[in-house]
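I opened my notebook to follow the nonpolar and aromatic side chains through this structure. Here is what I looked up, entry by entry.

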Amino acid sequence: MCGFSGYESAFGATLVSDTDVLLDDALLLVEQNFYFLHMGEFLGKLTKTEDLSDRSLFVVKKYDNDQAYYFNAELIHELLVNARETQNEAISLFEYFVEFNAFRGICMAMVESLRFESPFKVFMQRLCGEQYENFVDILSFVRNVLSHNIHSEIRLSEKDYDGTLKRIRRMGRNPNIAFAFQYALRLPELGAPNDAYTFTCQIDFESLEEGMPFLEILSMWELLMLSELCFNLVMTYRKKEEKELQEEAMGDDSLR
C-alpha cells in the first residue's frame with residue numbers, strides 16, 4: 001500500500017502533519033475492514049460446510065510478564081454448531097457480526113476521512129460531482145445506525161437520521177436523496193465486470209421513522225456494494241497519489 005504525500009524540508013526529509021497521519025489511518029481502516037469482510041465471509045462459509053467441532057478448540061493468547069488469556073472452548077463449539085445448523089442462504093451468528101462490523105467500520109472510516117480538508121476530499125468531490133453530499137449522507141446514516149443499534153433486529157433510532165436530515169435542510173437540498181455510481185463512466189481504469197455495473201441507492205430521509213427496520217431501507221446487497229465502492233475509491237486514490245509521487249521523484253531526478 002502506498003503512503004501519503006508530504007512535503008520536502010530543507011534537509012530533504014518528508015514531513016507530514018497530524019491531519020495527514022489521521023487521514024492515512026482512516027483510509028487504511030477502510031481497506032482493512034474490506035479485507036476482514038472477505039476473509040470473514042470465507043470463514044463463515046467454511047464453518048457451514050466443514051465440521052470443525054472435532055478439531056482442537058483450545059485457543060490461548062500469551063503476552064509479556066507471563067500473562068495469558070484462555071478462550072472458552074465451549075463458546076467456540078456453540079458457534080460452530082450454530083453455523084452447521086444454519087442453511088447456506090441464511091446468516092449465521094458469526095457471519096452477522098462479520099458483515100455488520102465491517103459495514104460499520106468502512107462507513108465510519110470514510111466519514112472520518114472526509115472530515116478533513118485534504119487531497120482525498122477534493123478527489124471525492126471531483127469524482128462524485130453534485131452527488132458528493134448525497135454520498136456523505138448515506139455513509140453517515142449507515143455509520144450512525146450500526147453504531148447506535150441495540151436491537152437484535154437492526155431498527156432505526158431518531159438519532160440515526162435526525163442530524164443528517166437537519167444538515168440536508170440547512171443546505172437547502174432535497175431530503176429524498178439518490179446516488180448512482182457507474183464504474184465504466186467514473187472509474188473505467190478499474191475494469192468493471194460490465195459497462196452496466198453500478199451502485200445505486202435512494203433514501204428518503206423525511207420518511208424515516210423510529211423503529212423502522214434498517215434492512216428495509218438499505219438491503220444487504222446495497223451494503224455490500226457500498227462497501228466495495230468505498231474500497232475501490234480509496235485504492236484508486238492511493239494509486240493516483242503513488243503515481244504523482246513517482247512522477248515528482250522522476251522530475252526531481254531530471255533536475256540533478
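Predicted model: local features only at pLDDT ≥ 70, side-chain atom pairs only at ≥ 80, totals over all residues.

**Entry 1: the surface**

I began with the nonpolar patch on the surface. Met39, Phe42, Leu43 and Phe94 make it up, and together they have about 370 Å² of accessible area. Which helix gives the most to this patch? I found that it is helix H1 (residues 18-49), with three residues. I then looked up Phe94 and placed it in helix H3 (residues 93-113). Its relative accessibility is 33%, so I noted Phe94 as partly exposed.

**Entry 2: the core**

Next I turned inward. In soluble globular proteins, nonpolar side chains tend to be buried together. Here I found that the largest nonpolar core has 57 residues. I wrote down the ones with the most contacts inside it: Phe120, Met124, Phe135, Phe141, Ile203 and Phe214. Among the elements that give two or more residues to this core are H1, H3, helix H5 (132-148), strand S6 (198-204) and helix H8 (220-255).

Setting aside residues up to four places away in sequence, I listed its contacts as Phe141, Val142, Val145, Leu146, Ile154, Arg155, Leu156 and Leu223.

**Entry 3: ring pairs**

How many aromatic pairs are there? I noted 17. I looked up Tyr96 and Phe97, and their ring centres lie 5.2 Å apart with the planes at 85°; planes over 60 degrees apart count as edge-to-face, so I logged this pair as edge-to-face. The pair of Phe181 and Tyr183 is also edge-to-face, at 5.4 Å centre to centre and 75° between the planes.

Are Phe181 and Tyr183 buried or exposed? Both are buried. Phe97, on the other hand, has 45% relative accessibility and therefore counts as partly exposed. I also noted a cluster in which ring pairs link Phe135, Phe179, Phe181, Tyr183, Tyr197 and Phe199.

**Entry 4: a loop phenylalanine**

My last stop was Phe205, which I found in the loop between S6 and H8. Its relative accessibility is 1%, so I put Phe205 down as buried. What does Phe205 touch? Leaving out neighbours within four places in sequence, I listed Asp137, Phe141, Tyr161, Thr164, Leu165, Ile168, Pro175 and Ile177. I noted Phe141 in the contact list of Phe214 too.

Key. Residues numbered from 1 in each chain as written. Heavy atoms only, no water. Patch = residues over 30% accessible without salt bridge, like charges linked within 9 Å, V, L, I, M, F, W, Y side chains within 5 Å. Areas by Shrake-Rupley, 256 points an atom, 1.4 Å probe, with all protein chains shown as cover. Salt bridge = Lys/Arg side-chain N within 4 Å of Asp/Glu carboxyl O. Helix = DSSP H or I, 4+ residues; strand = E, 2+ residues; numbered from the N terminus. Buried < 20%, exposed > 50% of the residue type's maximum accessible area, 1.4 Å probe, protein only. Core = buried A, V, L, I, M, F, W, Y, C linked by side-chain atoms within 4.5 Å. Contact = heavy atoms within 4.5 Å. Phe/Tyr/Trp six-rings, centres within 6.5 Å; stacked < 30°, edge-to-face > 60°.
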